[in-house]
Amino acid sequence: MRKVAVIGAGMTKFRHRMLETGRELSFEASRAALDSARMDIKNVDSVVLGSAPDAFDGLHMKGEYLLDGAGGSGKPYTRVYVGGGTGVFIPAAAWWHVASGVSDVVLAVGEEKMSPLQPHPQYAFWSIFDQFLERPLGVTLLWIFSLEMRRYMSVYGIKEEDIALVAVKNKGNAMDHPSAQLPMRITVDDVMKSEPICTPVKRLDVSPTSDGAAALVLASEDVARKYTDDPVWITGVGWNVDTTFWTNRDLCYPEYVEKAAMMAYKMAGISNPRKEIDFAEVYDPFDYKELHHMEGLQLAKRGEAPKMTREGITQRDGDLPINPSGGLLGVGNPIAAAGVMKVAELFWQLRGEAGRRQVKKPVHRGLAQAWGDLMQVGTVVIMER
Amino acid sequence: MINKAGIEQYLYASFGPELKFGRWLIVSKAFTDKLVGDIGALLLDDQVAIVGIGYSGFSPATPSQSYKELIFDAASRAYAECSVNPRKDVGSFVCCEEDLWEGTSITDEYAPDQLGAAQRTLCTLSQDGLNGVATAYMHIKSGVASIAVVESHSKLSNVLSQSQVREFALEPYYERPILSDGIPVAAMQMRRFMHDYKVAEEDIAQVVSKNKKNGLFNQRSSYAADVSVEQAMRSPFVWNPLRRIQVAPPADGCVVAVLASAEKARSMTEQPVWIKGIGWNSASTSAESAVSSEALYAKEAAKMAYKIAGVDSPGSYFDFAEVDDTYAFKELQHAEALGIADMGVSKGNTQADAPVPINMSGGSLSLGDLVEAMGLVRLLEAVQRLRNAERKRSKGLKRALVQSWRGIPSSSGAVAVLGVE
């Protein structure tokens, strides 16, 4: 297994509706990542792209459509797809291209354009459900999130106010992110009073729908050392998919996230994640999800993530900063691009280039995680400097 | 990529035919040869093999089975062939599928259970099955897994309007309004190819006749027929110059392949089929830029695979080839790009007695179009043929070439070099 470095990262702005096409968004993010690595597309051996449902854009074979924009033309090009988990999975896929010795330089691109779907992108999620058992109910993703949130609250006796603290923190953190879509200074009270969408999920508990793209450049050790004195290494990757039958599992704890994390921890030689991980970009499409995932990642004991949040441990100046970028709640949630944005944040934080977002304590090892499908997929990347 | 030839070159270039350690020891050429052989064997042990392959379906419609049941059957057969327990032994599962063919968004949600992959390392590629093989190959090479499973299937009989789905693959603003369901793109490519390479209609009809007849000897072919060149030329146009009989009709089916590292492979099966090389490539998808009559994706993918496998002259290296023929002219175009034919269909280069016989299985024209599963279908055909030849101790068939293409409007394809030696 060869060592794999990240040597460049870039992203577009995340917005509700971008005027650029998906191809153009992919191009802008790829260009920015290559610029930051001081590379040109001709230095790239292969391209990995990720994008979530084709239904958003009304496209079939969306990967083929986006190919030109992502610089994939004339190269070995692969589109990977694990639903919402895709974003963090893209760098994992780029990692195995380099680790296996097949490529030396890989461009990893995440793109999402949700806005073409009218009247609301949420409609695409109707078609992720089982044709026979679930679609006739007219179900949306918000329904199953409210079920999961309620289950999590009821098993561990967590209050809605505890969960709202996550939205307050992340939207506040996003105030310092130049690409952010929903940076806000809000209070717990604002979250509690926001419009209920599917009780107990309220408007400010949810990340927005977004357009955007983000990209990374990965390289083998010898190439990385030629281009930068400051490579950041990917030392662990992990992914795991649970059964399709989400109704058959206890929603209070994400076992698939735990299994994905264990795969990555084993690869990175981590035995005590709470002590050995300095900060994390945890998937937060809903505020309770950050807490839920911290527990799955073994960064908090079961049911104790809200306590850590209340004590300020997860703040940028805390002992275990979580989502210093502002996360999906603050920066936005163009699905596959949002996951790549999280890995890009690890890159910037580890190199000390995060500017006003830089966490207070010195950091050497960070973790990014995404989640997806029918509450089913966990993807994890660990990076070190 | 390191291979035996490379190491040999390196050692001989460094030390010459006689190894000298200072002034004290002079090692004979026999010793260096042995050393080179040993190192080569060690490096060859870095190889990846196909140790099990199973299939189900292969019919224009499969009303008695859901897609999940098709997958379950194919997977059970593949696992049984090499005694693999998916719940314990498999380090990675790779599924190749597209949302719109499945009628489900985020279709990987429905992948794990019937493969025995719940709570396991599974992922989906929106690619052809042969790209899945490339990914599993990288998983084994990078140490993620020592045994990996690749799955792809087609349930096209569930798709009410395949041409409407294909239409969604076209660029929405400029191409979709004028290029209908993409068939005109195929017709334009065919016209251009015929013009540039001076290929006559008869040459393409000959491909149809050969493949449809070859399919008569293959139990998996739904569309085999005893069709003469003259009959093939009387088929009606779907879009001039493309005739109906030149288009692979849809079929259902599933193929599951089990791959393993060399170390595992030898204990799992007596007949490992080695992946000597693998490559994949995409040219631009835009119809306006796809003006070349060359299949650039196949050419570049082959270059990558040949480099890994150390193939210098494909025309003499391979014993047979499985080449994409979704549209009959594509077989000629792909064979040319792969370097196994010299535009000589009329000279019989693609016939069964040719130096590199192409599509002895009957190809897509006989087996049908199984969309994303097509690469694995061709892999299955090649693996079965290599294994049968070995069983019968016939010396002729030891090296095979497998190529896939993702269909209109894509310019994406993959190539695998297989061998039993």
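## Chain B on its own

In chain B, 76% of the contacts (heavy atoms within 4.5 Å) with a separation of 6 or more join residues 24 or more positions apart. This is a predicted model, in which local features need pLDDT of at least 70 and side-chain atom pairs count only at pLDDT 80 or more, while totals for chains, interfaces and linings use all residues. Residues are numbered from 1 along each chain as its sequence is written, chains are lettered from A in the order in which they are written, and side-chain values use heavy atoms, leaving out hydrogens and water.

Chain B has 421 residues, and 62% of them count as buried (under 20% relative accessible area, 1.4 Å probe, protein chains only).

## Where the chains meet

Let's turn to the interface. Here 57 residues of chain A are in contact with 59 residues of chain B. Together the two chains bury about 4700 Å² (accessible area, 1.4 Å probe, lost on being put together and summed over both), with carbon and sulfur atoms accounting for 53% of that. On the chain A side, A:His60, A:Glu64 and A:Tyr81 supply 16% of the area buried against chain B, more than any other three residues.

## A salt bridge to look for

A:Glu64 also forms a salt bridge with B:Arg406, their closest N and O atoms being 2.7 Å apart. The rule (a side-chain nitrogen of Lys or Arg within 4 Å of a carboxyl oxygen of Asp or Glu) finds one such bridge across this interface.

Key: Buried means under 20% relative accessible area, exposed over 50%, partly exposed in between (1.4 Å probe, protein chains only).
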